[in-house]
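Open the model in your viewer and keep the selection tool at hand. We will go from stop to stop.

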Amino acid sequence: MANQVGICSAASKSIRPFRSSEEYLYAMKEDLAEWFNTLYDLDIHVDNFMETLETGYDLCQHANNVNRIALEFQQQHPEAAARMRVPRNEVVFQARNALPGSFIARDNISNFIRWCRQDLGIQDVLMFETNDLVLKKNEKNFVLCLLEVARRGSKFGMLAPMLIQMEEEIEEEMRDQITYGVLDMRRERHHLHSESPVHPSRTQRISLCDLKNLDELVREILGCCTCPSQFPMVKVSEGKYQVGDSNALIFVRVLRSHVMVRVGGGWDTLEHYLDKHDPCRCAALAHRLAQPRASPHKGPPAPSPRIPRRDKRPPGDPPTPRAPRGPDGDAATPAGAHR
């Protein structure tokens, strides 16, 4: 579950340390680094995230751990496992101290990628290629692939990063809403009057975030816009907001010092989400991107090079031949000039 102390301190931290388009990737790397450190006692942090994993050793080791936990899950819950894709093939890897960029490192990464595609069935849109990690060419897809691997592993009972835990909490809340809605309709239809709760077996859900501080952070981000008519974002319930002029609902959570929004099958930061959906912020962002870079030279423009002046002549006249010069620099008299 979420660290309440870390969440409480988030309200006093700066929530705009960098551009919004970079924050969501930073937040995901931060979450994955803490997750890897918890699983394998590593020393990964945001700044060395790609460098620590670029030999492929820890990736392949994690893949085999997922295989082991999936096999245990299949033995304990055969009926549930029959409806799931259970990875089986062992991932071969070598040399923990392989040099980054070496053939061994590339082979380890390639084996991990093959396992992701064939055993887990991860879609290409979430996959990365070997050079994306070795040459640091596509950090985003590498991070998204690791999150998807963690998401699949959590289905078998493996420890999940905080973002995945938040996803599971939101999915549970949505299932409860559907269940409550159906039962409430039945209750009204049949005029049920009972003093006992409708769901006596349901245990109280433990929230993953301090919702009071969450609402304060949301208001702080919205307050960055000084327009007379601000982008509407109305709190519907704990961690749930209605945005824009439509009835669209979004789930918002706090991940350390980041305010995250559940969008589709992934996550975004609230600030980046508003930059893409708030018309005022979109216009301001487009204006900043369209502005040309200021030239370091502030003086008047440099004069254009002077073109030598040519003698003017009436149209159609042949050009005047240039007189040859003598050794002393005077015009030489052509032979036969005097008749």
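Each stop below says what to select and what you will find there.

**The whole chain**

Start with everything shown. Remember that this is a predicted model. Colour by secondary structure: the chain has 12 helices and 5 strands. How much of the chain is buried? Of its 339 residues, 38% count as buried. Now think about contacts between residues at least 6 apart in sequence. Of these, 59% join residues at least 24 apart.

**Two packed helices**

Select residues 57-76, helix α4, and residues 103-118, helix α6. Their axes are 8 Å apart and meet at an angle of about 30°. The crossing of α4 and α6 is left-handed. Which residues make the contact? From α4, show Tyr57, Leu59, Cys60, Ala63, Val66 and Asn67. From α6, show Asn108, Phe112 and Trp115. Sort the contact by class and you get 7 nonpolar residues, 2 polar ones and no charged ones.

Stay on α4 for a moment and select Glu72, which is found in this helix. Glu72 and Gly157 are 85 residues apart in sequence, yet their C-alpha atoms are 9.6 Å apart in space.

**Rings in pairs**

Show the aromatic side chains next. The structure holds 8 aromatic pairs. One of them is Phe36 with Tyr40. Their ring centres are 6.2 Å apart, with 35° between the planes, and the pair is tilted. Where do these two residues sit? Both are in helix α2, residues 20-40. They are separated by about one helical turn because they are 4 residues apart in that helix. Phe36 and Tyr40 are both buried.

Go back to α6 and select Phe112 and Trp115. The ring centres are 5.9 Å apart and the planes are at 35°, so Phe112 and Trp115 form a tilted pair. Within α6 the two are 3 residues apart, about one turn of the helix. There is a simple rule behind this spacing. An α-helix has 3.6 residues a turn, so residues three or four places apart point the same way.

Why does Phe112 count as buried? Its relative accessibility is 0%, and buried means under 20%. Trp115 is buried too, with a relative accessible area of 2%.

**A cysteine in α6**

Select Cys116, also in helix α6. With a relative accessibility of 0%, Cys116 counts as buried. What does Cys116 touch, leaving out residues up to four places away in sequence? The list is Gly121, Ile122, Met127, Cys145 and Val149. Pick Cys145 from that list. Cys116 and Cys145 are 29 residues apart in sequence, and 8.4 Å apart from C-alpha to C-alpha.

**An asparagine in α8**

Move to residues 139-154, helix α8, and select Asn141. Asn141 counts as buried because its relative accessibility is 16%, and the cut-off for buried is under 20%. Leave out residues up to four places away in sequence, and Asn141 touches Val125, Leu126, Met127 and Phe128. Zoom in on Val125. Its backbone oxygen lies 3.4 Å from a polar atom of the Asn141 side chain.

**Two loops with a positive phi**

Most residues other than glycine have a negative phi. The next two go the other way. Select Lys136, in the loop between α7 (130-134) and α8. Lys136 is not a glycine, but it has a positive phi of about 55°. At 34% relative accessibility, Lys136 counts as partly exposed.

Then jump to Arg256. Which loop holds Arg256? It is the one between β3 (249-255) and β4 (258-263). Phi of Arg256 is also positive, near 55°.

**A covered helix**

For the last stop, select residues 270-277, helix α11. How many of its residues are buried? The count is 6 of 8, and the helix is mostly covered. Show them one by one: Leu270, Glu271, His272, Tyr273, Leu274 and Asp275.

Notes:
Residues are numbered from 1 along each chain as its sequence is written. This is a predicted model: local features need pLDDT of at least 70, side-chain atom pairs count only at pLDDT 80 or more; totals for chains, interfaces and linings use all residues. Side-chain values use heavy atoms; hydrogens and water are left out. Buried means under 20% relative accessible area, exposed over 50%, partly exposed in between (1.4 Å probe, protein chains only). A polar contact is a pair of N or O atoms within 3.5 Å; within protein, one must be able to donate a hydrogen and the other to accept it, and residues adjacent in sequence count only if both atoms are side-chain atoms. Contact means heavy atoms within 4.5 Å. Axes are lines fitted to C-alpha atoms, for helices over the stretch in contact, and angles run from 0 to 180 degrees between N-to-C directions. A crossing is left-handed if the near helix is turned anticlockwise from the far one by less than a right angle, and right-handed if clockwise. Ala, Val, Leu, Ile, Met, Phe, Trp, Tyr, Cys and Pro count as nonpolar, Asp, Glu, Lys and Arg as charged, and the others, Gly among them, as polar. Rings of Phe, Tyr and Trp (its six-membered ring) pair if their centres lie within 6.5 Å; planes under 30 degrees apart count as stacked, over 60 as edge-to-face and the rest as tilted.
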